[in-house]
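Here are my notes for you, written as numbered points. Keep the viewer open while you read, and look things up as you go.

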Amino acid sequence: MILVALRRLLSAIPVLFIVSLISFGLMRLIPGDPAASIAGPSATPAQIDQLRRDLGLDEPLLMQLLHYYQGLLQGDFGKSLLLGKGVLAATLERLPVTIGLSLYALVLTLLIGVTSGIIAALRQNTWVDQVAMMIAMLGISIPNFFLGLLMIIFFAVQLGWLPSGGYVPFSQDPIGWLRSTTMPAISLALLQAGLLARITRSGMLEVLRQDYVRTARAKGLPERQVILKHALANALIPIVTVIGIIISLLLSGAVVTEALFSLPGMGQLLTQAVLSRDYPMVQGGLLLVTTFLVVVNILVDILYAMIDPRVRYE
Amino acid sequence: MSDAAAIDAEGIALKREHPARATIKRLLRHRLFMTGLVLFLIIAITAILAPWITDTDPNRLSMRNKFKPPGEGWVFGTDSFGRSLWSRVVWGAQLSMLIGASVVALNAVFGILIGAAAGYFRRIDNLLMRINDALMAFPAILLAIAVTSVLGPSTFNVILALGIVYIPRTARIVRSSVIVLREMEFVQAAVAAGAGHWRILTRHILPNAMAPVIVQLSFLFAFAVLSEATLSFLGVGAVPPTPTWGNIMAEGRDFMREAPWIITIPGIALMITVMGLNFLGDGLRDVLDPRLRIQQ
């Protein structure tokens, strides 16, 4: 068990190293003079020179790389030009919004996805199954920002039930938080819920065919117990493996959803950074989010090894 | 048709179908695949016919005609500048298809190249796959946004960014097929017969590794169209007034009350495209790659 965890942690080191190199290289891809590009067309040559020195772009590439890693090891992910503060600080400030939204969406995803997947599998090839799978396909195919826009048009503009944007922190007003995050969370959750419903359904069908399910039925266990105790527990294993992917999709989706509903989270921070050419923020933010995802995936793998003993002996 | 039919010992003609034809037949009978094909073709044909089925320039302003609802005179209505939405959405379809196809082409070339190299030449496998893992660790859309923002927003850079972002996924699929195939007896036979690496890869291994790649590429087409719309919706894709579906929807955001059709019409077009391609991919997976089939 500890071995699995250790091996997984070690394998993340080269990945994180290359991720950080890519993030570093990204800003060097700017065509022409990055300093001039960031400063904008109205900047004087002196301002551009100043910016170049501030960003350390006047040094040789190897020194830049060295300083970059020196900074990273000390938890310095660069400094946002727009906000005038560290990338890490700016990110941590916005993180609670994104985490809250993502968790809300994750709960919805699991609730909708797993339930409809199980029901579809138990009623295989009936109209219930077909309708559930049609809806799942619809959920996968509807772009989350389009769904968000449709909900704004319908529930905010036409009916006036929910606000079309803005954010209320949970600590201030839980009901207000729910009102401001329900539409974003639903629009964010539907894609993953659709995927999960399909995975749950096929996992469940696979398990229901197994001999031990037949044995459980043969020895006269009530159907409820067969489904919940014998089948579901095993059908849940493939679901755990895709949780890492789901969280990655949620964070990607949050970028768009936050921009759409003007929620002040990580996604909005990064989109604004991109639009205002705040490259240090883009670089550092991208690195932070990706590092976070790598850590989540390690945790998922460890969790997987904990639930499924077969993994440990591979 | 002499090669399609074989004569057995007793001289009875046995009809033997060419495998490719059998696959096509099964696809044509697959309901989901055919639905997807029809949906996709509707959009694709509209995109190709764009110059002939639109009579107004998608960027022609006509302030007198702004916010005309869909109907009389304006099939899809007009936007806040009085531009014909029919024109803009149809030309947007063309751009979406063009970008989707280019991303798929770019992705196929490099994904197959990298995947085959990694799977076939064990020595570079480790290095290539570590880079692959790192690229896959980034959330796809975020990386694409960062790349386009650095290169500058333009249609070409969107293609480049989306192409790069999804290459690792294709490469990994190709690699895992190649690793299995490389150990197969018919490949060993080719090695024994003195075939070179290039011949073994292109004649023996890759043709047998294509089924999952084709499935992946049809889903990738859907991702590409969707991501392009997302990027231009966020303002980091093709520059307005280029009529992309994302741009049109972004412009419609300020007029949701008076002209919701500016958002709903390109949104539905986008949805039809993505759904069609997803159906196509599901159908292809069922027929080409039964191992991956979702239980029926």
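1. Chain A has 314 residues, and 39% of them are buried (a residue is buried if 20 or more other C-beta atoms lie within 10 Å of its own, exposed if 12 or fewer, and partly exposed in between, with C-beta atoms placed from the backbone). Keep in mind that this is a predicted model, where local features need pLDDT of at least 70, side-chain atom pairs count only at pLDDT 80 or more, and totals for chains, interfaces and linings use all residues. Residues are numbered from 1 along each chain as its sequence is written, while chains are lettered from A and ligands numbered from 1 in the order in which they are written.

2. What is chain A built from? It has 13 helices and 0 strands (DSSP runs numbered from the N terminus: H or I of at least four residues for helices, E of at least two for strands). Its C-alpha trace spans about 85 × 55 × 35 Å along the principal axes.

3. Now for contacts in chain A (two residues are in contact if their C-beta atoms, placed from the backbone, lie within 7 Å). Taking those between residues at least 6 apart in sequence, 70% join residues at least 24 apart.

4. Have a look at H11(A), residues 266-275: 8 of its 10 residues are buried. Among them are Met266(A), Gly267(A), Gln268(A) and Leu269(A). What covers the buried residues of this helix? The cover includes H5, H10 and H12 of chain A, together with H6 and H9 of chain B. Just after H11(A) comes Arg277(A), with a positive phi of about 55°.

5. On to where the chains meet: 41 residues of chain A and 36 residues of chain B take part in the contact. On the chain B side, helices H5, H6, H9 and H11 each supply at least two residues.

6. Beyond its neighbours within four places in sequence, Val89(B) is in contact with Phe76(B), Ile248(B), Ile265(B), Pro266(B) and Ala269(B).
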